[in-house]
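The briefing that follows goes through a structure in two chains, topic by topic. Please keep the sequence and the coordinates at hand while reading.

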Amino acid sequence: MSQEFSRRVFLGNSLAVGGGLLLGSSLLSGCDSGASAGVAGAVSTTPVRGGRLRVGIIDGDQAGNLDAHKPVGGGIIRGWALYSKFWEWNPDVSTRLALAEFAEPNADASAWTIRIKPGLEFHHGKSIGADDMLFSILRLTDPKLASPYTGLVGAIDRTALRKLDERTIEIRFKEGQSFFPLDETLISFGGIVPTDYDPVSNPVGAGPYRLKSFIPGQRSLYSRFENYYKPGQPYADELEILEFKDQVSRAAALRAGQIDVASGVQAEHSALLKADARLRLYVSPSTSFTGFNLNLAKEPFQDLRVRQAFRLLADRQELVDRGLNGFGRIANDLYSPQDPTYNHAIAQRPHDLEQARSLLRQAGQQDLRVELTTTPGAGVNAALVFAQQAKKAGVEIKVSQVDGSVFNGPQRESWLLSPGSTPARGFLASALHNDAPQAIYNRSNFHDERFTALYQQALAQPDLEQRKVLVHEAQRIQHERGGLLIWGFNDVLDAASIRVGGLVPEQTTFASWRFDDLWLNHA
Amino acid sequence: MHDASCRTPRTPAWLSWFIGRLGYGLLTAWVISLVVFIATQALPSDPARVILGPDAPLQSVLTLQQQLGLDRPIIEQYLRWLGRALSGDLGISLDSNAPVAAILFARFGNTLALVAGVIALVVPTALAFGVALALRRDRRLDRWSLSLLIFLKATPGFLLAIGLVLLFSMPHMDLLPAVSILDPERSLFRQLQFLVLPVVALSLSALPYLTRLVRAAMIEALESDYVIAARLRGIPERRIVWRHTLPNALVPAIQGVALTLRILLGGTLLAEVIFSYPGIGTLLNAAIQMRDLPMIQASVLVITLSVVLINLLADLLTVLLTPKLRTAWRVTLIQRNRRGIQPWWRRSPKAP
């Protein structure tokens, strides 16, 4: 009821600004001019306090949980409200200190020392100490928890964790190895929770909002955490995360003013949402890549010439235009272009059908037939576009769709040709998702002696300039003989009411999840 | 009607018939729970993998399988579930880690509210409309209304629903909320505006069948011998229609309402998706997608029990409304009747 009231007041104000006594269609245009005046008001960068911020999310059929270390489904987004970490993401996908006031590796990155700020508190009033820090890391890495994200922090040696003083801990790694990208891997799911934490009965953390109620598959409600570590934040009194099953009904809810933010909207809806004067579309040029894994363990991709031919026959611009509805940028078979160690000297691989054909001829694969296995959904478009492109070079690609659970099942590393994507991360962390020697899943089965050596050295090299040299060479190897065909970086689209402030497009995928920065002009 | 002389000292036959049907109903529910358990196990892939998502290492998947008891023989898993269910524990959702019962019953309550709304709207409308059309049989109003009803029946439900949203809740025509996001902190009765569009959308789909059923039953009854006899005796037409014909035409309508109810219990899914209404349909659908076994089992059990209950009540009402059956002195007389209250395995398939 209150929402309708405020909408009415808002429209009333708009009419007043529009100046008036107009009839019929001119009445509507009066509305529109009023709305743009409203934009000017909302754009002002002074955050407004109070109100209830309502965010609509879609996570397929998964209801998800509240677990800090084993979030599934919408649990990842809810985690942004509930939990804080040692670090947080910068808009350019680098990291900055959050709960920690000091977090540095030693000279060869074989040990990290982390000290948190003094006087920090959890939602239930308990102050944060070294025991909570150790508990959180032990819980995340606990094999019994069966977290899907242990793979990323698998290097941490659970037995060598040490408490140095009440606010400081030391992290070492298995077999004394070095692990420089600790921040990038621990940041996502390393929420700091108290020792009496329980994801169901006591889901407390140190995030900007504390939980009031959670109804799986429906909604969760939060209230402002007064002792959040960023003074004065968050801004809204209450946060509500609503789950939708359907993009169309969420778009309708946003347009009707029943929610304030729609997190992650489909490109297909962009025109509709853009046309609505009371909404704003935010396009985040993320560095999350989309591409294909060419399985090096199988014929014909064992042949370097076939791999290069596939990479040459891809018309990347067309893939971006049709596979991503134009919301993206082309890529050069390499990930993490935002990383300061990225090798910009490697020339963009062209779209060259002639060379692709001749390479295939040299490899004796003129009439190549391969199967591309994908999951139903967004990836199918790009797969079909790629299959069309391959036909021009005489390669027949059969696109077959399998259920997500089959795709990620026991066969997951043995698909011959499959789509691959990784959210925006730095080079070392992205490699852990893809083709690093200790990758969680190496769908392209890329194993290269020199690359492995360079990667291991880079893990032990905190110095940026020296690491740059190593990564540059590693990327040259990936570009020359790797198994990833990375054709694009996709944009992330969010839509919000013009009353919402603090939402800024960034290179990450989670511009609309920064609940501590968002505010609502609820007056 | 209720004079004491009709009553025999022993229990009426319909009561023992009813108890027998109740037993069969519970047996059906048990068989279905077993079938569903086996069917969910036959689905490709395992819950642990679906829940943990694409990034989960094999070790985590195996650990979770073990923790969930998925590595046990299926019969052992089933017996364990059955034992807990009988003691009132429906388990913990694999997806959200929250107790199944709390989520399920809240959602089921919402579905019941939706179904109750539809029935409250459809039954009186269908009765009034059906009787009116039967009395104006083959006249212009009847023909036009029948065409309209067939049009409604032929239009897919989601189209009707989206049409309603576009009509009533888009900017500049902002009468009703576009999506029914219920506030769990407030009572459902205080947010009835969220129920309007889903109820109307579902009613438009359910109305044609019931209206035509009432119309056909009324026409049949109006042509029966006792109505002709009543007319010959000069009983006023109004009294014939409302006092003598309608109660007899009601019996098929009761079975029709029961069928509509059974369809609605599972069929609200459509309205639930389009209006984001938190009912049991989306819950079950999501649970199947996520291979959330305790949730699937419990949802199916609740739906099965409701269907059994609806059937029982409809049959009981039919028996009580039919004098011949109500006063039957042997159970077999009820079982052999032609009023369509045989158990499902003796019924001939009937299209809605």
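## Prolines, strands and helices

A:Pro234 sits in the loop between strand E9 (219-224) and strand E10 (238-244) of chain A, where helices (H or I, at least four residues) and strands (E, at least two) are DSSP runs, numbered from the N terminus. The structure is a predicted model, in which local features need pLDDT of at least 70 and side-chain atom pairs count only at pLDDT 80 or more, while totals for chains, interfaces and linings use all residues. Residues are numbered from 1 along each chain as its sequence is written, and chains are lettered from A and ligands numbered from 1 in the order in which they are written.

**Backbone features**

- The peptide bond that leads from A:Gln233 into A:Pro234 is cis, with omega near -5 degrees.
- A cis peptide bond also runs from A:Glu299 to A:Pro300, with omega near 0 degrees, and A:Pro300 is placed in the loop between strand E12 (279-294) and helix H8 (304-313) of chain A.
- A:Ala146, in the loop between H4 and E6 of chain A, has a phi near 55 degrees, which is a positive value in a residue other than glycine.
- A:Ala146 counts as buried because it has 23 C-beta neighbours inside 10 Å; a residue is buried if 20 or more other C-beta atoms lie within 10 Å of its own, exposed if 12 or fewer, and partly exposed in between, with C-beta atoms placed from the backbone.
- In chain B, B:Ser276 has a positive phi of about 50 degrees although it is not a glycine, and B:Ser276 lies in the loop between H11 and H12 of chain B.
- B:Ser276 counts as buried because 27 C-beta neighbours lie inside 10 Å.

**A four-stranded sheet in chain A**

- Four strands of chain A form an open sheet in the order E4-E5-E7-E6, with antiparallel pairing; two strands pair if DSSP finds at least two bridges between them.
- The edge strands of this sheet are strand E4 (100-105) and E6 of chain A, each of which pairs on one side only, and the twist averages 20 degrees from one strand to the next.
- Strand E5 (residues 111-116) of chain A is joined by five bridges to strand E7 (residues 168-172) of chain A, the two running antiparallel, and A:Arg115 stands opposite A:Thr168 in E7(A).
- Three bridges join strand E6 (residues 162-165) of chain A to E7(A), again antiparallel, and E6(A) and E7(A) form a hairpin with two residues between them.
- Opposite residues in E7(A) are A:Glu170 for A:Arg162 and A:Ile169 for A:Lys163.
- Helix H4 (residues 130-140) of chain A lies across E5, E6 and E7 of chain A and runs at about 25 degrees to E7(A); axes are lines fitted to C-alpha atoms, for helices over the stretch in contact, and angles run from 0 to 180 degrees between N-to-C directions.

**The surroundings of A:Leu211**

- A:Leu211, in strand E8 (residues 209-215) of chain A, is buried because 21 other C-beta atoms lie within 10 Å.
- Leaving aside neighbours within four places in sequence, A:Leu211 is in contact with A:Leu66, A:Leu82, A:Pro203, A:Ser220 and A:Tyr222, two residues being in contact if their C-beta atoms, placed from the backbone, lie within 7 Å.

**Helices of chain B**

- Chain B has 15 helices and zero strands, and 39% of its 352 residues count as buried.
- Helix H1 (residues 13-42) of chain B has 30 residues and reaches 44 Å from its first C-alpha to its last, close to the 44 Å expected at 1.5 Å a residue, where the expected span is 1.5 Å times one less than the number of residues.
- Buried residues in H1(B) include B:Trp14, B:Trp17, B:Arg21 and B:Phe37.
- Helix H9 (residues 225-232) of chain B packs with helix H10 (residues 237-267) of chain B at an angle of about 150 degrees, with their axes 11 Å apart.

**Where the chains meet**

- The contact between the chains takes 44 residues from chain B and 37 residues from chain A.
- H12(B) gives the largest share of the side of chain B that touches chain A, namely six residues.
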